[in-house]
Amino acid sequence: MKRASWALFAGLALFFLAPLALLLWQARDPGLRWTDVWLAPESVQALAGTLVTSLGAALFAFTVAVPLALLIARTTLPFRGVFQAIFTLPAALPPFILGMGWVSLANPRAGLLNLLLGPGTFDIYGRLGISFVLGSAGLPLVFLPTLAALSRIDSSLEEAARISGATPLRTLFAVPLPLALPAALSGTALCFLFAASAFGVPYLLGVTASPPTPTLTTRIYGEILMGQGGLPRAVVLSLELLVLAAGVLVASRALARRGQVRLSSGKGVSVRPMELGRWKWPLTAAATGTALVLVVLPLLAVALTSVQPVWGQLTGLSAKHWSAVLSNPRTIDATLRSLLLAASAATLVTLIGLGIALTRRRSLELLAGAPYAIPGTVLALALLIAYSRDVRFVAFERVTFVLALGNSLWMLLVAYTVKHLAFGARNAADGLAQVDSSLNEAARLSGAGPGRAFFDATLPQLRATLTAAFVVTFLTCVTELTLSVLLIPTGRDVLGTLLFELQSYADPGSAAVIACAFVLLVVLLQFVQSIFAPKEAR
Amino acid sequence: MASVQLEAVHKTYGSTHVVRGISLEVASGEFIALLGPSGCGKTTTLRMIAGLEALDAGTIRIDGQEVDGASGRVPPERRKLGMVFQSYAVWPHKSVAQNIAYPLLLQRVAGSEIARRVKEALDWVRLGPFGDRMPSQLSGGQLQRVAIARALVGNPRVLLLDEPLSNLDAALREELRGEIAALRARLGTTMIFVTHDQHEALALADRVAVMNQGVIEQIDAPQRIYQSPQTAFVAGFVGGANRLEGRVAQGRFVCGGVEFTLPPGLTAADGPAILAVRPEALELGGVGPSLPLLARLFLGSATEYRLQLGDTVLRAVGPTLDVKPGASISLGLKAAHLYPG
């Protein structure tokens, strides 16, 4: 076990700690004053862009998600299951696809809404649009933890308030809301971090806006594209993003911890949902409207765009984009490459995550979770700096092995795996914590050695959580954009970069086809996962 | 069937010394209960016999063969034991029959033989028609029967039971207690049973080892444990005796400002002492001090009286009397035990 922990630690040091250290080292360029970079007008504008859009997205997600969670967890709102599924869906979709949907809907000239209501009614470009799209994409980050916290509150707490003389509405504000608030606030902080790290949506809705609306991530991307001259500035700017991320994470942890003490463990909690009375149908209508606007409408717009012969004109339906995309060797190559990379990364994440959880070393678990919190742009930049040239490992004056990741797909595999290791480690650790150790001990007493007992008794109990880790990693990687645009070998594509390129420069219709195919894949995989989930939860 | 020997076994977790030099001889075919409050080290002792915990000092032998001690440790899978866990530990992904077949599979028993022995084990625990069920379809009592069948099917040298009945409701507990006694009579396996329930221990075991704070306070046949507890702790834990700290003076026990006349046959030298007296051994209205009644609890077959004695509350059990809280009742000692104070 000890040797395994050291091997895992060495891997994380090589592919995460060392690149990050190199990034910081690179920032010590004597010819470059940090303050000059930070105080340049474009940088100030980019920082302002990041802060404003992230704050906007977080506030929007909080305002929408908390009432929804209250309605779904604590009242007799009809179709609660359907609403829960719809508002969870953005978690499985790349935000870029929602952004594409809104470009199709609310491009000031050619958006479908503007074609219907007159040009210029809606404009999705700029800070407001970015906040809105990132807020809807980050909604599950607030919605899911709030919902979980709310469903752990026993109804007797509310009933005690009613008996003490509080009206139903007042009860809602007096009991479940304050109890779930820490979870909601910590989710909101994570939503802020998610928005500040986002690259695809700010690029799509910010760079071509007039006037252009830069954020830190799109500025860093621009500097890297400028090559050798831009790289040091990119490094210095990424430090800003890193500090921001660290600050938000600390805040989120502190908020989440405040909530932990007060809620019961979830066992034996009885929830008797509150009757809505005459508010039932108005509130159902409001929830339906929210679901339509935030999730259903943009996805429908993407589907519609994929069958429109000419983008921005409502002129009949056509399958030409579909047949073009499906017969284009470039698309097929990119799809196969993405599927292979995502499946490999998901396998590695699941296995390494399980290994890390099995060592039961808190330090290793924390380290494995760290890359996920680092904005993708920064992580990609660190890997680029560390491994764009071959690294030779020298021992006893001889080269023992050469790490040649630069300009190869291996670099992407490393990046995907390191970034999403948190999914594997977290899921495996949670799964292991739920397995009663006596299951394993009973196998030992039956005559099984440690390895055999693990495979026969413990591993089968982890099937659901490990499948979940695999599926989540696979879905995230298959259209991954932020790491891919910076690390993809020249002349090759993966789905994310292809989607990005088609949507940004050439052919939104074809991009919409790929996006539709991906949404179908998500639905399919969620179905597969539900088969693997434990049949009877006890 | 095998004997088990523990010699001066110690176990520490960090700074807490959980097991402090336990020595125990279990004869082949004997049924021993380890009885004590939670945290007394009884489960740790059982887990060391199973091989699930390593001991820090001492020796454990099974059938004369050292399994843990100075010359190394035999892992649990090679000790040929069976164990029943408090949480049942029935594998939720295997059917009842697969659960029971597992130890035989690892012993490389032939397929047809496995089927026969699984069926036999299912009959032992009266689960004959349940072989194809999944654990999620069974009740707690049925799950614990599966666990017992699984622990016994491989002909273990010793059967270890870790509070096997404490997760069951009262009626099931009673039923399963009877079945364990019947199985034991039929199979004659050596059994070590851990429990915090004195009734279970006294009813089932050939000998009971009462444990407290990591040591065995007394090991004896159930009747002797009950009738002549050797320490104040054993008297208090088994039989629920009142514990009074005071002093003996000229055939009397002085405590909390009152005096009791010691019952005939109980003598002790003058000096500080601890008196243990069971609730039913206090004579209500007998010759002795009058004490104020705090509360009266009707128990069905008898009534319990709570009386104030100094700063302790005395429990007495007897027939239902027409007294109200606030009144005084005189108490005499019918029987008691004295321990050095």
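Guide: Of the 538 residues in chain A, 51% are buried. Buried means under 20% relative accessible area, exposed means over 50%, and partly exposed lies in between (1.4 Å probe, protein chains only). This is a predicted model, in which local features need pLDDT of at least 70, side-chain atom pairs count only at pLDDT 80 or more, and totals for chains, interfaces and linings use all residues, while side-chain values use heavy atoms, without hydrogens and water. Residues are numbered from 1 along each chain as its sequence is written, with chains lettered from A and ligands numbered from 1 in the order in which they are written.

Chain A holds 25 helices and two strands. Both are DSSP runs numbered from the N terminus: helices are H or I with at least four residues, strands are E with at least two. The C-alpha trace of chain A spans about 75 × 75 × 50 Å along its principal axes. Its radius of gyration is 24 Å, which agrees with the value near 24 Å for a compact globule of 538 residues. That radius is taken over C-alpha atoms, and the globule rule is 2.2 Å times the number of residues to the power 0.38.

Now the interface. Chain B gives 22 residues to the contact and chain A gives 20. Contact means heavy atoms within 4.5 Å. The size of an interface is often given as the accessible area lost when the parts come together. Here chain B and chain A bury about 1,900 Å², with 59% of it on carbon and sulfur atoms. Buried area is the accessible area (1.4 Å probe) that two parts lose on being put together, summed over both.

Two salt bridges cross between chain B and chain A. The rule asks for a side-chain nitrogen of Lys or Arg within 4 Å of a carboxyl oxygen of Asp or Glu. One of the two pairs R444(A) with E77(B), with the closest N and O atoms 2.7 Å apart. Eight residue pairs are in polar contact between chain B and chain A, both residues at pLDDT 80 or more. A polar contact is a pair of N or O atoms within 3.5 Å; within protein, one must be able to donate a hydrogen and the other to accept it, and residues adjacent in sequence count only if both atoms are side-chain atoms.

On the side of chain B that touches chain A, the elements giving two or more residues are α1 (42-50), β7 (81-84), α2 (96-106) and α4 (140-153) of chain B.

For context, the count over all chains is 28 salt bridges. R47(B) pairs with E53(B) at 3.1 Å between the closest N and O atoms. R47(B) is buried at 16% relative accessible area, and E53(B) is buried at 16% too. R184(B) meets D206(B) at 2.9 Å, again between the closest N and O atoms. That pair links distant parts of the chain, 22 residues apart: R184(B) sits in helix α5 of chain B, D206(B) in the loop between α6 (198-204) and β10 (207-212) of chain B. Elsewhere, salt bridges with shared partners join R126(B), R145(B), E175(B) and E179(B) into one network.
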